[in-house]
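Hi,

Here is the structure I promised to pass on.

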Amino acid sequence: MDAAAHENEVRLRRGTTLNERLVLAGIAVVVCLIALPGLAHLANDQWLGIAALFALLFGCLLLAAALFDRNVVWIVTPGEILIGEQRPFGKLHRRSIRDDELSEMRLRRSLGKSVEFTLIFETDSGDTLTSPPLPDITQVKRTTVQIARLLQLPAPELAENPLDAANAAIRLGKPVSARRLWAFRALTGVLVCSVVLPPAFALWSGKLSGLGVAIWSFGAIVAFLLTRYLYRASGCWVVRDGAIRMERLSLTGAIDIIVADGNEIAHIDVESGGRRGSHYALAARLHSGRKVRSPVLVGKEQTRAVQAEITRRLRLARPAAR
């Protein structure tokens, strides 16, 4: 019964949860409270007053986004789309669109902070409707075909999606090309020279001071972090049925390639991407004790969907829900 209901209904959502709104509103209030005292400097035409004014405006915009951003839900059923829109303190606005009012359906791939797929519908009256993002990045083809069947429309041309489960191989990141390898080696050489040569020259000339050592130490840390970031960001995973190929640049500038099957991998975890709260990465832990991180993915739900698809292809034990 549940399976049949799932096949005859697709839900698409766009909006923010209550917790996300509270966090955004809290940040906005803090920014405004910090900016208010600085407004006193406006009378003296000081730059601090102007900065405080811009900070206050920014805080107000964040607060407005938290209070008035809309939540949109599309429910696609046989022959009909039900659209519901609601603001936090407003009424629920409903709209129903029958399949005989629709003339065309297209799939659009959006590149922003993450890769999203949305559906574009043209109506007989000339209106254009854009759906919320499709829910599962690994099931774009299946969801698109299912919606086309429910609305009795021709299935649209599919956009490229390297993470779709319908592919013979799913790919995370881009393969390490000869150009990227050369660029990494050149940048590493520049960083090494920038870190090593100035203190060596200062030491040779007898002008090495405490301030120079501090600046050199800071530059060495920045160079190490940049090299480590480029090293992590250069990875590529290709997952086929029963096997995975992981390649990335090594810190020495060579290409490190690992080919493994499901029997060689203990489990695959979701970890923080290390840059923003919305960035995540997958970590493959091999029975040998080695851990290999994937390229960064955006969005926890998207990352968990990719994790589930890789787990299925490698026939691993499914991770416990958190």
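To start with terms, helices (H or I, at least four residues) and strands (E, at least two) are DSSP runs, numbered from the N terminus. The expected span of a helix is 1.5 Å times one less than its number of residues. Please keep in mind that this is a predicted model, in which local features need pLDDT of at least 70 and side-chain atom pairs count only at pLDDT 80 or more, while totals for chains, interfaces and linings use all residues. Residues are numbered from 1 along each chain as its sequence is written, and side-chain values use heavy atoms, with hydrogens and water left out.

Helix H7 covers residues 300-314, 15 residues in total, and spans 21 Å from its first C-alpha to its last, close to the 21 Å expected at 1.5 Å a residue. I call a residue buried under 20% relative accessible area, exposed over 50%, and partly exposed in between (1.4 Å probe, protein chains only).

Glu 309 forms a salt bridge (a side-chain nitrogen of Lys or Arg within 4 Å of a carboxyl oxygen of Asp or Glu) with Arg 312, the closest N and O atoms being 2.7 Å apart. Both residues lie in H7, three residues apart, about one turn of the helix. In general, an α-helix has 3.6 residues a turn, so residues three or four places apart point the same way. Glu 309 counts as buried because its relative accessible area is 5%, while Arg 312 is partly exposed at 44%.

The side chain of Arg 315 meets that of Asp 241 in a salt bridge (3.2 Å, N to O). Arg 315 lies in the segment after H7 and Asp 241 in the loop between strand S9 (236-240) and S10, so the pair ties together parts that are 74 residues apart in sequence. Arg 315 is exposed, at 58% relative accessible area, and Asp 241 is exposed too, at 57%.

Which residues does Ile 244 touch, leaving out those up to four places away in sequence? Counting heavy atoms within 4.5 Å as contact, its partners are Trp 237, Val 238, Val 239, Ile 258, Val 259, Ala 260, Ile 265 and Leu 314. Ile 244 lies in strand S10 (residues 243-249) and is buried, with 1% relative accessibility. The C-alpha atoms of Ile 244 and Ile 265 are separated by 9.6 Å, and the two residues are 21 apart along the chain. Glu 247 also belongs to strand S10, and at 11% relative accessibility Glu 247 is buried.

Back to charges: the structure holds 13 salt bridges. One of them joins the side chains of Glu 9 and Arg 11 (2.8 Å, N to O). Glu 9 is partly exposed, with a relative accessible area of 29%, and Arg 11 is partly exposed at 38%.

Happy to go through any of this with you.

Best wishes
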